[in-house]
Amino acid sequence: LSSGAAVPSEDTTTPRFISTDPSKPSVIQFAAPLYLCTEADGQLVVQVVRIGDASRQASVSYATKDASAKAGQKYVAAHGTLNFEPGDTVREIHVELLQDERWDATLEFGLALSDCVGADLGLYLHACRAKIIDDDSYPTNNYSETLKGISLMIEYVKMNLGDRVIFRDTVKHIMMDLLKGMYFFLTLYLTIYLIDVVLAPGEEEEKGREHLEGEREGGGKQEERRMLLSGIDATARFLARRLHEEGGEEEEGVEFMTHQLIIPHHRRYTAVIIAALYIVPFAFLHLVDYCRVHMNIPYNVRKGTQTSLLAKFLNYKESRRKSINVGEITMTMMRDAVEVCDFGYMKILSVIGIMLKLFFALIFILAENRLAVIPLIFYPVVLGIFLACRERITIEANEDKASKQDEVVQVVNQTISNYPLIADFSLRPHIVDGYSKIIETLHRQEKVAAAIVTNNMYMAPWLTTLLIGTWMFYGSFQVDTLGGPISLGAFLATINVFKEVGVEMQEIYVECMEIQKSFGPLEKICYYMNLETDLFDRMTASQRSIRHGSARREEQMVAQDQQVAHSRVAKAPKNVEFVDSHPAFTVDNIDIEIKDLCFSYNDMEVFANVNAKFQQGGMYSFVGPPHGGKGTLMRLLGRILLPQEGNGDIFIPPHLRVLHVSMCDCLINDTLLENLLLYAPIARVHGGVGRVKKICELVGLPEPLIAHIDLDTKMKEWASQLSHTDFARLNLARAYIMNPECLVIHKPDMVFSSEEVPRVFELLRRHVNERGLALPESGRAVRRPRTVFYTCTTMHGVDISDRVFMVKQGSHGHRTRPLEVKILSGKDLPNLDIPGVTGKSDPYCLCELVGKPRTRFTTKTVQDNLNPTWDFTQEFTFYADSDVLKFAVYDADDLKDDDLLGEATLPLQDLGPQGFSGDLPLTRCKAKGARIKVQVRPCPEHGIIKYSTSILRCVSPQEAAEVQVGMGSGGWN
């Protein structure tokens, strides 16, 4: 089911109706159910129209309502009151749009009318949707097909940071990582303090103090290094004051607690304090990480990508959507979107956290041993070069593995959907063997990818091992016990730092590998996000329809005084129990039109210059042989397909809700009521649940199934009760419940038995005659007419329809055979040369299809002859019955422009089955009786029949019956 009539499902309010004078009915509603615009438009103009009597004052309130588009972010909320003075029929609402450079999926918001005074609110169009088409690229406007790898990931990160919620949570995430880095810094110095002060012997402690004082006198290089510990010293002083047994003042002369016990003369108590400083912050970090889990960064990033990708898929052009591999798009939504978030954005945050920790490690190294900073620089340089060299092979291996996974999913989907075919033709062994081969291919590719990852993983551990070994050899000679400048604690702490740095660098390296792994999925997501949609085409068609609708309403208002409604009754279609609209509703006289429609699938032309008109309130059947274009025409009328720009138009008054129904077996995983309403609020269904049940009974759904309407039972509890025919009944019930003004349905009788087919078409007739099935008779005259377009496979659909249209190939479009044109001779042509001086005319003949200069050809020139024989033959491959052949005879002249001797025309629609053969008199000719002899006929069959266009022609039921008989027992099906 598809419809342009849906309204925001969040709004479940029932409109307020103010009863007006029944003799002068008036309805205020939106001009169309859907408006489309782009951010660049700056504002959206929404029309509110008054149909019916406009002789009085009226007013209505309006307000915008958030949906996926939020006020203040994508548009400025608007509300107010529209006043209609006597004679006013149109008012406009202006909604300001907010433009930004940030990519968004197509977003929607709603508009609703309320508190109508002096008129009634439209039953359905008191609400409408507004869809904002984003014209930015994904992830940013810097995107291009050549942008790949880390550059593309940077743009992706920038896009996410443009979201306020994600940006706020990202800053919190980084601050939490900063706390972890500070804790790492604290534990390093607690380790040094524990070894060099708390656990050092007393004499060594004194020597260390004397050594420190000597250094201070000599310039204090160690003091310069220890200045970084002032924060810890301040904490130590605070704890000393609180825990000192005597509670006295701090001893004078003690400047840095890192060189004396926190609690003088009490090593154990000091060790307890050190332990507390080690444990308590860790407990706080545990709490921080627990809070981090509830920040929803990955959820928001994944949700944005997955929902946007699905919304994009639903708006692809029809041809593009059909060409997409189901397994690939499924895995892109489920696997690639998750990988880009978890292995891309979130891993970047992890790398930032690790780098903050390394920043504090760098501070320690610079303070204790500046030479040790060399490996800290060496790590990222070497690992970065290694990753860059291995990037392409790693990405290709992972993408090949992902491609094989997509194939597996595709095979599973096809197996599930094609199970009846597999079972009927005993294809189980073949399917299993094929699936087994695909699994083997996937396994081989997984081994290749795993081998590459294993080799990549060992790079960082190798560097760590080499650096620690080198420090053990070199640093041991720098310890103060061997006469070096480094204390034993600093030496051991440096080894620990190298280990920590190695672990952290390896972690960064692994995280960078994961980020690199997300490059391929990100490129695929960007490809799908930037595929062309049909939204701009739909916006153009919608705006054109609204403009034409406004013009047609004005025309009907002008013609109202000429009693158009009465003449309409006189030309009502046959078999219609016509319920005339109130004369005030002139919009019901606007015809549905097909104007110069051309349509093609790629290089195969289907329709060319098709024209037709349909009155509202009729049943129109379309018949014809297979592959004639009936289904395509239904989809064009139902707005599933759109005519290409400049190839004609299908005009349906914009205030009419159009519903195209595909007779397919489709269910949603919900209750039976939701499967019938398709999430439309029950408050908006005229007649409520009672009418829903009544319609289900009318279409023939079994009573046990109807009983589930009142039960909150999920699909699995009732879907098994549906037969193949019940799915068709369910589709019909959905259409009648939605109650569209224009219903388009392809082969509604196809799956029904011959006994049920008459009832199918009788219900369609009732829907038209009663202006909505199972609606009260009161108010029928003020409801909009119902129009039904359908194809049928039986004569029941032909007999009950008001007009029958034949859709077939070749009769009125381009013919299946080329047209052969022979220009034989000329007779009694005028002489424009000077007799006796320049001789006679030198005639040649030019031929072309009028308005198609590329079809032009000329015969040879015959010198000095007023009765020439040309005997020239040419073929026209593409032509239509509406074309006209033009023949022009000229006098060739070398010194000046050729002179026209005369011309003739031959409309192709005048050709008989055998073509035309004879003389054509020349007009614009100075000689009486001048003529040319031509022969025009379809070429004989050459064994190859070129494609042909379909035509649309109104026929009688008798002719339709003859066509069915001629096609055999299968009929048009």
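Predicted model: local features only at pLDDT ≥ 70, side-chain atom pairs only at ≥ 80, totals over all residues.
A salt bridge here is a side-chain nitrogen of Lys or Arg within 4 Å of a carboxyl oxygen of Asp or Glu. Lysine 74 sits in the loop between strand S5 (58–66) and strand S6 (79–84), while glutamate 39 belongs to the loop between strand S3 (34–38) and strand S4 (43–52), so the bridge ties together parts that are 35 residues apart in sequence. It is one of 45 salt bridges in the structure.

The crossing of H2 past H6 is left-handed, and the contact between them has 18 nonpolar, three polar and five charged residues.

H2 also packs with helix H14 (residues 488–517), this time at an angle of about 150° and with the axes 9 Å apart. That pair, too, is therefore roughly antiparallel. The handedness is another matter: H2 passes H14 in a right-handed crossing, whereas H2 passes H6 in a left-handed one.

Leu179, Met182, Phe284, Leu287 and Tyr290 together make a nonpolar surface patch of about 500 Å². Methionine 182, for its part, is placed in H2.

Two bits of backbone geometry are worth a look as well. Most residues other than glycine have a negative phi, and most peptide bonds are trans. Tyrosine 138 and proline 139, however, are joined by a cis peptide bond, with omega at about 0°. Proline 139 lies in the loop between strand S10 (127–133) and helix H1 (149–161). The other case is asparagine 739, which has a positive phi of about 60° despite not being a glycine. Asparagine 739 is also a loop residue, found between helix H23 (724–738) and strand S16 (742–745).

Note on methods: Residues numbered from 1 in each chain as written. Heavy atoms only, no water. Left-handed = near helix turned anticlockwise from the far one by under 90°. Helix = DSSP H or I, 4+ residues; strand = E, 2+ residues; numbered from the N terminus. Nonpolar A, V, L, I, M, F, W, Y, C, P; charged D, E, K, R; others polar. Patch = residues over 30% accessible without salt bridge, like charges linked within 9 Å, V, L, I, M, F, W, Y side chains within 5 Å. Areas by Shrake-Rupley, 256 points an atom, 1.4 Å probe, with all protein chains shown as cover. Axes fitted to C-alpha atoms, helices over the stretch in contact; angles between N-to-C directions. Parallel < 35°, antiparallel > 145°, perpendicular 65-115°, else oblique.
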